[in-house]
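I opened a new entry for this chain today.

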Amino acid sequence: MSVAAAMADLPGIEWLTDPALVRQKSRDFFWYSPVLRRQLNRVTGEAVAVPKDEREVADLLAAAWRHDVPVTARGAGTGNYGQAMPLRGGIVLDLSAMDRVLWTKPHAVRVQPGARLIDLDAATRAAVGGELRFHPSTKRTATIGGFVAGGSSGIGSVTWGTLREAGNILGLRVLTCEAEPRALELRGPEIQQVNHAYGTNGIITELEMPLAPAAEWIDLAAAFPTLMQAARFADAFTRLDGVVKKLACVVGAPIPQDHFRNLGAAVPAGHSVALLMVAAPFLDDVLPLLAPFGGALLRQVPTEEAEVPLYEHSWNHTTLQVLKTDRSVTYLQTLCPAPDHLARIAALEARFGDEVPLHLEFVRLGGEVCAFALQLVRFSGEERLAEIIAGVEAEGCPVFDPHAFTLEAGGMKRVDEAQLRFKRMTDPKGLLNPGKMAAWDDPEWRPGRPQAIHLFETNLPAPAEEPG
């Protein structure tokens, strides 16, 4: 393996080689997890390539093939579990310069992977009065390619489900890593071969995404005497099929009071909050729903006018808001499945209490209303964390472990045979984001099987990560 040889083959590409800058571009928000912080804190690439078009990406992949150099693609690096970290060194492929909107139609947009989501929404609103169906809580910094390659759901999932729901991605153009890279256009079910694959089996160079009619969104925050009152309200709100909505988040006490700088002072002691995004014409249908569940309105403001929008207190940003003031906390990602998700939420609250404060996102999954719990954990050690995960799953709530960096261990809990077959075809040397697809390295992988970790690490002092 020779990164220097690959760079020498590609003098026309922009390269970053300063060790501190390369290390910065080799990191994401993996430090949410104390387990990943211990494992990955010194991981780094050896150089960063910043291509400006698909031709340069193809040339880079061909050079990587010739010289057996790993390539790890990244967008803005807003992932939470090492998706974009180059575990085995090599080249970090920074796609942020490929940010053009290629075309826009009333119901769809074609775009390069480096486009920031906030800029993309602004462009589609101006062009056709449309917006992306959903986005992560990192909308102001994240890129569309990073969201599709490393994300799965977010603000908008209360209506549209997850990225795996049919129709939420219309098309992907992907480059293979071979002697002569090929461009493949994926549509329909083929998209799932690359969706949420961390760039392990192809480099996305174009995306075609559906648009929803753009709305004037209103942030609503309400307080409830108990977590379950807030949860039942959010569940009822999600079921208002005629109401255009984008967010139904519940955060249990004392998290808002202790950690939400822009909202916490307004939340009564001991109360939990529901955070909503509602299209302006539907407020008269939503506000009367508060009182039957014991809710009191705390805030009503256009999302665009909010100093900090409520979506930056939801999904993975809830954990970030807490980490700004308490670095001892970590989190889990859990499904509370339908139809008895409310009962499972109540069981989790009763079982763990303040050790695992609950944070819930109400969504539609496969057409059914249910909830994801992104509960916080007052971390006291990896052994206790494993006990908590086992306890959550004993309540019938599968955990998608954010303390693991592989596709299978962290999310699917199984081998995705379609993604594995696609990797064999598109990346026969296994150079793309190596170490992230457990079944590639260990054909006998199964949940609970220990993994060997082989890392390329920096000799620079490990930095102290500070929440942004």
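This is a predicted model: local features need pLDDT of at least 70, side-chain atom pairs count only at pLDDT 80 or more; totals for chains, interfaces and linings use all residues.

**Sheet**

I looked up an open sheet first. It has 4 strands, in the order β1-β2-β4-β3, with mixed pairing. β1 (14-16) and β3 (71-74) are the edge strands; each has a single partner, so one side of each lacks a neighbour in the sheet.

Next I took the pairings. β1 runs antiparallel to β2 (residues 47-50), over 3 bridges. In that pairing Trp-15 stands opposite Ala-49 of β2. β3 and β4 (residues 91-94) pair in the parallel sense, over 4 bridges. Here Ala-73 stands opposite Leu-93 of β4.

Are the two faces of β3 covered or open? I recall that side chains in a regular strand alternate between the two faces of the sheet. In β3, Val-71 and Ala-73 are buried on one side, and Thr-72 and Arg-74 are buried on the other, so I record both faces as covered.

**Aromatic rings**

I searched the whole structure and got 9 aromatic pairs. For Phe-29 and Tyr-32 I read 6.0 Å between ring centres and 80 degrees between planes, so this pair is edge-to-face. Phe-29 is partly exposed at 23% relative accessibility. Tyr-32 is buried at 3%.

I then checked Phe-233 and Phe-293. They are edge-to-face as well, with 6.1 Å centre to centre and 70 degrees between the planes. Phe-233 is in helix α8 (residues 227-238) and Phe-293 in the loop between α10 (283-286) and β14 (296-302), so the pair ties together parts 60 residues apart in sequence. Phe-233 is buried at 0% relative accessibility. Phe-293 is partly exposed at 22%.

I also logged a cluster: ring pairs link Phe-29, Trp-31, Tyr-32 and Tyr-331.

Which charged ends sit over a ring? I found Lys-105 over the ring of Trp-103, 4.4 Å from its centre. Lys-423 sits over the ring of Trp-440, 5.1 Å from its centre.

**Cysteines**

I count 0 disulfides. Cys-370 is buried, at 2% relative accessible area. Cys-177 is buried too, at 0%.

**Salt bridges**

My search of the whole structure gave 28 salt bridges. I followed three of them.

Asp-9 bridges to Arg-66, with the closest N and O atoms 3.1 Å apart. Asp-9 is in the loop between α1 (3-8) and β1, and Arg-66 is in helix α4 (residues 54-67), so the pair ties together parts 57 residues apart in sequence. Asp-9 is partly exposed at 37%, and Arg-66 is partly exposed at 48%.

Asp-121 and Lys-139 meet at 2.9 Å, N to O. Asp-121 is in helix α5 (residues 117-128) and Lys-139 in the loop between β7 (130-132) and α6 (144-150), 18 residues apart. I marked both Asp-121 and Lys-139 as buried.

Arg-140 and Glu-312 meet at 2.7 Å, N to O. This pair links parts 172 residues apart: Arg-140 in the loop between β7 and α6, Glu-312 in the loop between β14 and α11 (315-323). Arg-140 is partly exposed at 35%, whereas Glu-312 is buried at 9%.

Definitions and conventions:
Residues are numbered from 1 along each chain as its sequence is written. Side-chain values use heavy atoms; hydrogens and water are left out. Two strands pair if DSSP finds at least two bridges between them. Buried means under 20% relative accessible area, exposed over 50%, partly exposed in between (1.4 Å probe, protein chains only). Rings of Phe, Tyr and Trp (its six-membered ring) pair if their centres lie within 6.5 Å; planes under 30 degrees apart count as stacked, over 60 as edge-to-face and the rest as tilted. A charge sits over a ring if NZ of Lys or CZ of Arg is within 6 Å of the ring centre and within 35 degrees of the ring normal. A disulfide is a pair of cysteine sulfur atoms within 2.5 Å. A salt bridge is a side-chain nitrogen of Lys or Arg within 4 Å of a carboxyl oxygen of Asp or Glu.
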